[in-house]
Each structure stands twice: as C-alpha cells, then as structure tokens.
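Reader: Please show me the sequence and the model, and then take me through the features that can be read from the coordinates.

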Amino acid sequence: MIKNLLTNILFLVALSSFGQLNQKSGEIPVPVKVLAKDSISILNQDSISVAPVTQLADSVAKPVLEAIITYSAVDSIIPDFENQKMYMYKKGVINYQSIELKADYIMLDLAKKEVYAEGLPDSTGTIVGTPIFKDGNEEFESSTLRYNFETQKGIIVDVKTTQGDGFVHSDLTKKISKDEFVLEKGKYTTCDAEHPHFYLRMTKAKVISNKKIITGPAYMVLEDFPIYFPMIPFGYFPNSTTYTSGILIPTYGEEQGRGFFLREGGYYWAANDHFDLALRGDIYSKGSWATKLHTNYKVRYRYSGSLDFSYNLNKYSEEPLPDAKTTRGFSLAWSHSQDSKANPNRTFSASVNLSTSSFDKENTYMNNATSVQTYLQTQKSSSVSYTKKFENSPFNLSLNLRHSQNSRDTTISLSLPELTFNMTKINPFKVKNRVGAVKWYEKISFSYSGNIKNSIANVKEKEILKQSLVRDWQNGWRHSIPISLPSFNLFKYINLSPSFNYSERWYTNYINKRYDPNSTFASPREDHIQTDTVYSFRRNYDYSYSLSTSTNIYGMYTMRNPNSRIKAIRHKITPSASFSYTPDFGAKKFGFWGSYVDGSGKVNYYNHFENGVFGSAGMGESGAISFNLNNNLEAKVLEVSDSIASKDEKPKYKKVKIIDISANTSYNMIADSFKLSPIGISARTTIKGISVNMGANLNPYMVDAKGTVYDEYVWNHKSGLNKLGRLTNANMSFGMNFDSKKEKSTTEDNKDKTGGEIPVKSNEIEYVDFNMPWSFRFDYSFYYNNSYKPNSDGKVKPTINQSLNFGGRLSLTEKWSMDMNTNFDIQAMKFSFTTVNISRTLHCWTMSFNFVPFGDRKSYSFNLSASSAMLRDLKISKQSSWRDN
C-alpha cells in the first residue's frame with residue numbers, strides 16, 4: 001500500500017517538474033538507492049526520474065523497472081496520472097534494455113509494467129504503423145501486441161517473424177519467455193512475400209528462437225490450395241544461427257539400369273568451429289551403391305581446406321546375361337591453402353584431383369554445368385607443395401608431389417617426391433665497398449638449381465600398384481649451373497650477352513644393349529636385341545656456350561589527313577639471334593653412349609641413360625645459329641567521347657595493336673646434313689574484338705615417294721614447289737562474343753535539351769518494349785597436318801580437323817532463361833555433346849529442365865523445387881538417365 005502510494009507521488013512530481021503534460025520525448029532513468037527513508041528525490045530536472053522507495057528497517061523496496069525507458073512520438077504523448085499510463089501517437093518508439101517497440105499507437109502501463117501497441121487507420125481507412133517489436137536479434141511484426149517487461153511474456157495477434165532462412169506467420173501467438181513462442185493457426189514458409197505463395201499450415205506449434213520449430217499436425221498449402229494428403233502428423237525444423245549436426249535426408253528416384261535409388265542420404269557432424277564432416281551414401285535396388293565423405297577445416301590466420309572422397313560400385317544387368325558387368329571407382333579431391341600471414345618463409349599448399357577413369361563417366365548425373373565439364377574433361381593433375389625460404393640468404397627449398405592422368409587411355413603419371421633446391425643469381429666477384437667504376441668481372445653472375453626426382457610415367461591405372469619401386473620407377477638428381485657473363489653493346493644499338501651452361505645428372509642405374517641371335521623372346525621390332533639394366537651409381541653431364549644478340553628497329557608513318565582518327569602507324573621490328581656450341585657427347589671418351597652390331601652388320605648407337613628421368617647428353621656436335629624476327633604493327637587512334645570537349649582540353653589517344661607476326665628457325669653449321677631447322681611462323685591480331693591466332697611450320701627439305709625426307713632444299717628442287725618450304729602443319733582459331741545492347745533508362749530518353757521531361761502527347765500510342773537480353777558466342781578452330789607419307793591406297797592425304805563450338809543464353813523474360821552449348825565437327829558433319837538448359841524463377845520456387853538431345857549421354861531431368869536450402873527436399877523431380885540408353 002505504502003509502495004503504491006509513494007510510486008504515484010514520485011510519478012506526479014516527476015511529470016510536473018518536466019514542465020508540460022503534453023510533450024514529445026523523455027526518459028525514465030535507472031533508479032538509485034535512496035539513503036533517507038520514505039523520501040522523494042528528483043535526480044534530473046530535464047527528464048522523468050522515478051526513484052525507488054526503501055521501507056523501514058532492513059528491507060529494501062524492489063525497483064519498478066530495472067533500466068531506463070526512453071520514449072518518443074511524432075504526434076503527441078499524453079500521460080494518465082491517475083492510472084499511471086502513458087499514451088503515444090504516430091511513430092511512437094519505446095526502448096528498454098535490448099527491447100525496441102515501434103507503432104503508431106502505444107500505451108505504456110507503469111503499474112502493470114506492460115505495453116500495448118497497435119496501428120491506426122489513415123485517411124483511407126487502411127491500418128498503418130502496426131507494431132514492430134525487436135528484442136536483440138529477434139524482430140517481428142504484428143497487428144496488435146501486449147507485452148510485460150517484467151515477465152517477458154506477451155500476447156501477439158497476426159504476427160510475422162523471421163526464423164533462420166524461413167518466416168513464421170501466426171493468427172495468435174503467446175510469448176511465454178524471452179526465446180519461446182506458442183502459436184496456433186500458424187504458417188511456416190521460405191517465401192518472403194506479404195501473402196506467401198506456399199506454406200506449411202501448422203495447427204499448433206512451438207518456436208524456440210535460434211534453435212528449433214516443433215509443430216503438431218500440418219499440411220501443405222500451395223497458392224491458397226490446401227493439400228491435405230499427405231498430412232504431416234508432426235514436424236521438426238532446425239532453426240539455428242550456427243551449423244549443427246543432423247541427418248541428411250536422401251533423394252529418391254528410379255533408373256532403368258540400376259533400379260530404384262536413395263541418393264545423398266547420410267549424417268552431418270558439426271564438430272567445432274574449425275572442423276565439420278558429412279558422410280553420405282547412395283543405394284540402388286539392383287545392387288549398386290556408393291559412399292562419400294566431405295569435410296571442411298579452417299584455422300583463422302593459419303590455414304583452410306576441404307577434402308572429398310567417394311567410392312562406388314555399379315552393377316548393370318544380371319549374371320549370366322551377356323551385358324552384365326560390374327565397375328568400381330573412386331575419387332579423391334583435396335584443397336589446402338595457407339594464410340599468407342601464417343609464415344612468410346614457409347608455405348604448404350595442396351590441390352589434388354585424382355580419380356579412376358571410370359568414376360566421372362559413371363557418376364555424372366548430367367544435370368548441371370559442373371557435371372558437364374567433368375564429363376568433357378580428359379586430363380587431370382594434382383600437386384602438393386611445400387616451400388621454404390632461408391631468410392637473409394639466396395637459398396630456397398621446395399618439395400612437391402605431382403600427379404597427372406589421362407582418362408581417355410587410362411594412363412597415369414606420378415612424381416613422388418620431387419625436391420628442388422635453388423640458389424638465386426649472385427655476383428661472387430662484386431666488391432662491397434667499391435670505389436670508382438664497376439669492373440667488368442663484377443658483373444659475372446651465376447645461380448644453381450638442384451632437382452631430385454622419383455617418378456613413373458604412362459602406366460595403366462590397374463597396374464600402378466604392381467610397379468616395382470626399383471625396376472620400374474625412374475629417379476635421379478640433376479644439377480644446373482648457368483653462368484652469365486657481362487653484356488656489352490656493339491655499335492651502340494646491338495646488345496650482346498654471352499653465357500655458359502653446365503648440367504650434370506646422377507643416376508642409380510643405366511642400361512647396356514647387345515645383339516643375341518640365340519634369344520627366344522625376340523619381337524619383330526627388337527630383332528634379338530637384349531637390354532640389361534645395371535644397378536650402379538653413374539653420372540653424365542653436358543655443357544654449352546652461347547652468345548645472344550638483339551635490337552629494335554622502329555618505323556613511323558604519320559597520317560596527312562588532319563580529320564583522320566588514325567594519327568600515326570608504328571612498325572616495330574625486333575630481330576634477335578643467338579649462337580650456341582655443344583660438344584659431341586656421343587664420343588667414346590665421355591662414355592655416355594654405347595653401340596652394338598645387329599645381324600645385318602649395321603652399327604647401332606644407344607644412350608646408356610635413355611630411360612633416365614632427366615634424359616642425357618645428346619649425340620653429335622652442334623654449332624647452331626638461331627634466328628627470330630618479330631614484327632609489331634600499332635596505330636595511334638583518337639578516342640571518341642560522347643561529351644563535347646572544351647577548347648582547353650587536350651585530345652586523348654590510345655594505342656591499338658594491329659598485328660603481331662614472328663618467324664624463327666636455326667642453322668647448325670657443324671652438322672653434315674639437314675643443317676636448317678623447320679621454319680615456324682605465328683601471327684596474332686584482333687579485329688573488332690575478335691582475337692585471331694594463326695601458326696604454321698614449314699619444312700625446307702624434300703621428301704621422296706615414300707615420305708622420307710632427304711637433304712635437298714625445296715627451293716633448289718626443279719619441281720618448282722613452294723619456295724618457302726613444305727607446309728607440314730598449320731592452325732588457326734578465333735572466337736566471337738555477341739551481347740544484346742544494354743537497356744537505356746527511360747528518364748534519359750525522355751529528357752529534352754534543357755534537361756526537362758518531354759511530355760507524352762495524348763494521341764501517342766503506348767507500346768510494350770519487348771526486351772530480351774541475350775548472349776551468344778562461337779569458337780572456330782582449324783588444324784592441318786601433312787606427314788607426306790602415302791596411305792594404304794598409295795595417296796598422300798593431309799589430316800584436316802575443323803570444329804565449331806556454340807554457346808548462348810537467352811532471357812525470354814525476367815524470369816525465363818535458356819542456355820545452350822554444343823560442338824559441331826565440320827569434317828564428320830555432325831554434332832557432338834550438346835546440352836540445353838531451361839529455367840524459370842517462380843519467386844520462392846525454381847523450375848529447371850536440362851536436356852541432352854542425342855549421343856551416348858542422351859538424357860533429361862525436370863526439377864521443381866523450393867529455392868531455399870532449408871526446404872531443398874520439397875520438390876518434384878522427373879528424369880531419365882543416360883545409363884538407360
């Protein structure tokens with residue numbers, strides 16, 4: 001009784017001291033303990049302060065509220081002293097601790113510690129300014145709201161709140177605690193429309209914020225049409241802001257070849273903030289199955305990565321039918337990267353993509369772009385790398401594990417491991433405290449590279465584990481020491497750069513060949529030649545001298561027409577030449593090459609290290625001069641601007657590359673025959689955004705009727721063939737991209753010269769601007785090859801391959817789109833792998849149709865599903881598998 005009386009007195013005094021009974025804003029601050037008993041204290045004359053009341057003796061009165069209440073309103077704030085109430089009109093706002101309430105009408109009852117809020121009708125009678133309640137990260141809208149600050153309970157009518165990726169609507173909701181709601185006649189949906197296009201109708205439910213939603217009997221409603229069958233007796237929806245462990249629901253379907261299936265079912269384990277794990281599996285009614293593992297890991301500022309492993313067994317038909325078969329395959333993908341801040345001197349990275357050749361073909365559903373690329377990919381490679389830089393030194397170390405495979409011929413190559421130790425270029429004769437000009441010998445520099453490698457190449461997948469590490473794997477150690485001598489200028493314009501290169505290789509085995517007429521295992525190719533492998537340390541080396549030179553020649557042509565956009569054309573010629581000398585390491589004194597005499601008495605030479613992982617020194621002395629001539633043509637073009645340039649503004653120019661043409665060859669002065677190498681020609685140009693690449697190789701020597709090359713230049717032959725040489729191969733490729741024009745804004749099109757809007761005349765006919773954004777690309781490739789060897793009918797026919805790749809996208813409307821990709825083989829006059837994808841966005845739903853119209857992968861899939869990942873299993877699917885062809 002005394003407490004209520006004193007509270008009323010405090011409330012009246014505080015309001016009277018505030019100055020007016022009708023005001024726009026204020027605050028009720030946190031009460032402080034009063035030392036004098038039964039006293040009244042105004043803490044702040046500029047705000048409404050309610051001080052607590054202490055009773056006699058040792059008892060202390062409980063404060064009315066635990067924190068400041070701040071409030072404001074646009075229209076008015078009207079207090080009711082008698083009933084301890086406050087009324088706020090138009091855009092009222094109340095803040096209390098982490099709670100914020102906004103509404104056009106708010107009634108604050110201090111006696112009951114409650115607040116009531118609702119909207120008000122506008123001039124048209126529409127209710128506006130309905131309550132928006134926010135408590136921490138939780139926020140919801142409603143028609144009316146009644147809430148108790150002390151018990152944190154409330155009654156909410158027609159509420160809409162966001163829970164995770166979904167939305168909860170309810171006709172009547174009771175807030176029973178800070179994080180729990182009980183509702184009836186509720187809706188759960190992932191559609192963000194005011195009136196959702198679909199929802200799960202819940203007769204009753206309980207929502208625990210950021211944890212879960214539990215429902216009683218529920219059914220689906222689609223476009224206001226109830227679907228009572230199947231009725232859901234109860235439902236459980238995870239609703240956590242952090243990832244949690246749980247069961248992964250599988251998808252179901254049917255294939256003619258493998259039967260009914262359940263796919264992608266399993267369990268997800270959210271271990272901690274640094275690691276998670278997902279185990280999935282597929283099972284088919286005819287015996288096929290698959291298991292899959294996926295994990296992600298991350299430690300901030302140190303490293304991150306992911307690992308995927310899959311294994312499958314596919315059964316087709318049944319024994320003892322002739323088409324019965326069983327295939328097994330696996331796939332391993334690992335990606336690891338180290339944060340650049342972790343260690344500047346040590347890095348570890350991994351990019352592993354390893355699988356059996358049958359895996360991608362057997363497990364491609366062909367319903368997305370990733371699957372298409374996987375199917376078309378024939379080459380795979382992997383790399384695991386560790387590098388270390390030795391601080392304040394020129395040395396660095398790297399350790400690599402490499403893998404490559406060809407799914408077309410099922411071969412695999414491995415390099416386990418590959419160790420490289422490098423020393424960057426240093427100047428050993430450079431004087432640290434030099435006085436005067438730099439001496440020529442101070443410019444001498446050299447570097448070092450050591451490489452240890454253990455590898456095996458081009459082995460069938462099924463045989464890779466059967467290979468012997470000693471007999472079948474190749475290993476060695478290579479040392480390379482390039483030495484650069486000081487460069488100098490000749491006649492001021494020609495730069496000369498001499499150098500010396502030394503390379504040495506260490507092996508643990510070498511081979512010897514001999515002719516054995518009594519051998520019983522001879523093949524037609526070997527002709528009684530036996531190869532013996534000797535396991536012993538052996539080294540071989542080579543070295544060479546070289547001198548290179550280059551210069552630049554410029555030519556300029558200035559346009560005489562002052563109105564031409566092209567102001568000048570520049571021609572840059574870059575000739576370069578190099579001379580290199582290599583001794584004959586096939587000489588007997590080096591011991592790198594051996595010989596044997598076959599049954600016909602012919603002497604055959606072979607390299608003792610021809611199986612070496614780093615090769616060996618070559619046979620024959622070489623003194624070759626290499627030539628390269630590069631031509632670059634550029635134009636200086638005036639840039640065109642849409643705006644009118646001022647008189648003081650200088651014109652802007654840009655460089656436009658017209659064409660690049662280069663040619664190269666070499667001439668061996670020491671060789672006794674075939675001194676001139678084939679002539680290589682390449683060109684590149686860009687025409688209106690189209691990049692064109694061309695290349696060709698010309699052989700300068702003649703061939704006989706059998707296609708054998710003999711030492712006679714083409715231009716010296718009396719037949720009058722091409723004076724440049726025989727065209728052995730040529731290629732050309734180019735591509736084009738076309739896009740629809742960007743839509744101009746209507747406001748820009750409807751402005752006059754003064755910047756004002758152009759009025760639309762009443763007699764002008766309105767029309768629909770039928771705009772369909774589109775894109776189209778095509779790539780053309782041409783390849784020509786001629787070995788000049790006659791085929792079985794005695795005719796020489798070159799090989800010509802031509803292909804066209806087409807791709808495009810058409811947006812029929814804002815929501816309809818179509819994609820198409822195909823390849824056309826011009827020589828065979830038929831299309832290869834082709835895909836057509838059609839999709840339709842239905843706001844909160846997505847419809848897609850994927851179609852492979854012909855070929856071995858002929859198939860289709862239709863999918864209509866909810867767009868949200870939360871309801872990914874809410875879908876209608878229909879598909880045909882390529883396995884049923």
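This is a predicted model: local features need pLDDT of at least 70, side-chain atom pairs count only at pLDDT 80 or more; totals for chains, interfaces and linings use all residues.

Author: Residues are numbered from 1 along each chain as its sequence is written, and side-chain values use heavy atoms, with hydrogens and water left out.

Reader: How many helices and strands are there in the protein chain?

Author: Helices (H or I, at least four residues) and strands (E, at least two) are DSSP runs, numbered from the N terminus. In the protein chain the count is 4 helices and 55 strands.

Reader: What percentage of the residues in the protein chain is buried?

Author: A residue is buried under 20% relative accessible area, exposed over 50% and partly exposed in between (1.4 Å probe, protein chains only). The protein chain has 885 residues, and the buried share is 33%.

Reader: Which residues touch the most other members of the largest nonpolar core?

Author: A nonpolar core is a set of buried Ala, Val, Leu, Ile, Met, Phe, Trp, Tyr and Cys residues joined through side-chain atoms within 4.5 Å. Another core, apart from the largest one, has 9 residues, including Tyr507 and Phe592. In the largest core, of 43 residues, those touching the most other members are Met88, Ile94 and Leu108.

Reader: Which residues make the nonpolar surface patch of about 510 Å²?

Author: Patches are made of residues with over 30% relative accessible area and no salt bridge, like charges being joined within 9 Å and nonpolar side chains (Val, Leu, Ile, Met, Phe, Trp, Tyr) within 5 Å; accessible areas come from the Shrake-Rupley method with a 1.4 Å probe, and for residues only the protein chains shown count as cover. One member, Trp269, lies in strand E21 (residues 259-272) and is partly exposed at a relative accessible area of 41%. The patch is made by Ile247, Ile249, Tyr267, Trp269 and Phe275.

Reader: Is Asp104 buried or exposed?

Author: Asp104 meets Lys90 in a salt bridge (3.9 Å, N to O), a salt bridge being a side-chain nitrogen of Lys or Arg within 4 Å of a carboxyl oxygen of Asp or Glu. The pair joins strand E3 (residues 85-96), which holds Lys90, to strand E4 (residues 99-109), which holds Asp104. Lys90 is partly exposed at 32% relative accessibility. At 8% relative accessibility, Asp104 is buried.

Reader: How many residues apart in sequence are the parts that Arg570 and Glu634 tie together?

Author: The closest N and O atoms of the Arg570 and Glu634 salt bridge are 3.1 Å apart. Arg570 is partly exposed, with a relative accessible area of 23%, whereas Glu634 is buried at 12% relative accessibility. Because Arg570 lies in strand E38 (residues 566-582) and Glu634 in strand E41 (residues 622-638), the pair ties together parts whose separation in sequence is 64 residues.

Reader: Which residues does Asn823 contact, leaving aside its neighbours within four places in sequence?

Author: Asn823 lies in strand E50 (residues 816-825), and its C-alpha atom is separated from that of Phe833 by 6.4 Å. Contact means heavy atoms within 4.5 Å. With those neighbours left aside, Asn823 is in contact with Ser803, Leu804, Asn805, Lys830, Phe831, Ser832 and Phe833.
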